[in-house]
Amino acid sequence: MKKLFVGLIIIIIGALAGYFAYSYYITTDYYFEKKLETLKYSDEAKQVIKDNDLIKEIINKDLYSKTLETALTSEYFDANNINAYYELKYVEEEDYIYNINTLLKSGYTTDNIKSIYESLNSENIKKTVESNYNSNLLSYLNLSYFRQSNYDRYLNYGKANTNYSNEDIVTYVNIGLDYDYYSHVTNVTNPDEINVLVNKYSKLASNFVPSDLSTIDGKCSTSTLKLKTVARDAFQELCYDAISSGLSVLASSTYRSYNYQLGLYNTYVARDGQSKADTFSAKPGYSEHQTGLAVDVSSGTSNMDDFEKTNEFTWMVNNSYKYGFILRYPENKEHITGYMYESWHYRYVGKEIAEYIYNNNLTYDEYMARQ
C-alpha cells in the first residue's frame, strides 16, 4: 500500500512539473517568436509587435491580416486600432492606413469604412477622409441610385434641405433640382425610345421627329392627331374601354413639332410673362409632346382645365396605368416636375413602368432618377 501511495505521489509531482515546464515554455520569447513565425508576419512587423508589447494580443488572434501587416510597418500605425485593422480587408492604396485612422477618429465604424471603400472611388474617399463625419453620406451610399458623379452635390443639397429625406436628396439631385431650371441641360440621346426623359434639364433636338407617328381613330380624338404607333394603339384601347364604361376620353393634343411648340410658348410668354408661362408651358425642345408619347385629354364636353371635375378623370386616375399611361404632372409634385398640376396631361411609358409609378406615387422624373 505504501509503495502505491509513493507511486501516486511521484506521478502527481511529475505531472505538476510537466505542467509548470509547459507553462514556462509558452511564456518564453522563444515560444512567442515561433508563434509569430507561423502567422507569417515580416521581421519588421514582428519588431513593432514586440516594441508595442502586443505579442500576446496578436497570438491570441491567431490570424494573419494583410491590413495589420501594412499598418505595423506604416508610420501611421495606431495600436488602438488593431481590431479595425483585423476587420478591414486590405486595399492596395498608399494612404489606406492613414485613411482608416482618420475615418475612425471622425466617428465612422469599421462597417462604415467598408461601405465607403466599396461604394466610393478614390477621389470621393479622399473627400470623405478630409471632411467631418456625415451620417447622411452613409444613407446615400446604401441607395441603389447613388451616383459617384453627384457626391459633392448630394452633400451640399442635403445641408441646404434638411427637411428632405435622404432618399429625396439623392433623387432630387439626380433629377437636377439642385440647379436652376434650363441650366446644366443635357441633350436627349434616345428620343425614339419609350423611356425617353424630357424635362427642364433634358432637351430634344430641334429637328427631331418621331419615326413612326400614326393617326388616332377619329372616335378617340377631337381632331386629326398623331402619336407614336405603340402609344396610339395603347390610347385607342384605353379610349374604347372608357366608351364601354359609358365615358369619353378623347385626345385633344398629342404630337407637336419643335416649331409648333416655339410658337405656342412665345404666345404664352407674350400673354402671361415668361415666369408664369414657364409653370405650364415647355420651352421648345423641352416638351414631351415632341416625342409623340404625350397626350392631353378631355371628356369632349369640358375644356382641359375642368377635366379634373369629370368622371373621366376619376376613371383615368384609376385605370390609365393599365394601358401604360401615367399622369405626368401630378398635384403637389410641382417642385419636382417644374410644372403646375395638369389633370389632363398623360404620358405613355409602357405598362410595367406605369404600374410601378402608380403603385409608388412617383413622378416620371423621380422614377428615372432612381434607375
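**Lysine first, then pockets**

I found Lys228 in strand β4 (residues 226–228); strands here are DSSP E runs of at least two residues, helices are H or I runs of at least four, and both are numbered from the N terminus. This is a predicted model, where local features need pLDDT of at least 70 and side-chain atom pairs count only at pLDDT 80 or more, while totals for chains, interfaces and linings use all residues. Residues are numbered from 1 along each chain as its sequence is written, and side-chain values use heavy atoms, with hydrogens and water left out.

Is Lys228 buried or exposed? I get a relative accessible area of 3%, so Lys228 is buried (under 20%, with exposed being over 50% and partly exposed in between, 1.4 Å probe, protein chains only).

I looked up its contacts (heavy atoms within 4.5 Å): leaving out residues up to four places away in sequence, Lys228 touches, among others, Asp192, Pro210, Asp212 and Thr291.

Next, I checked the largest pocket and noted about 440 Å³ of space. A pocket is an open set of points on a 1 Å grid over the protein atoms alone where a 1.4 Å probe fits, with protein on both sides within 12 Å along at least five of seven lines; lining residues have an atom within 4 Å of a point. Points are joined across faces, edges and corners, and the volume is the space filled by probe spheres set on them.

Of its 22 lining residues, Tyr268, Phe280, Met304, Glu342 and Trp344 are the closest to the centre of the largest pocket. I see α14 giving the largest share of that lining, four residues.
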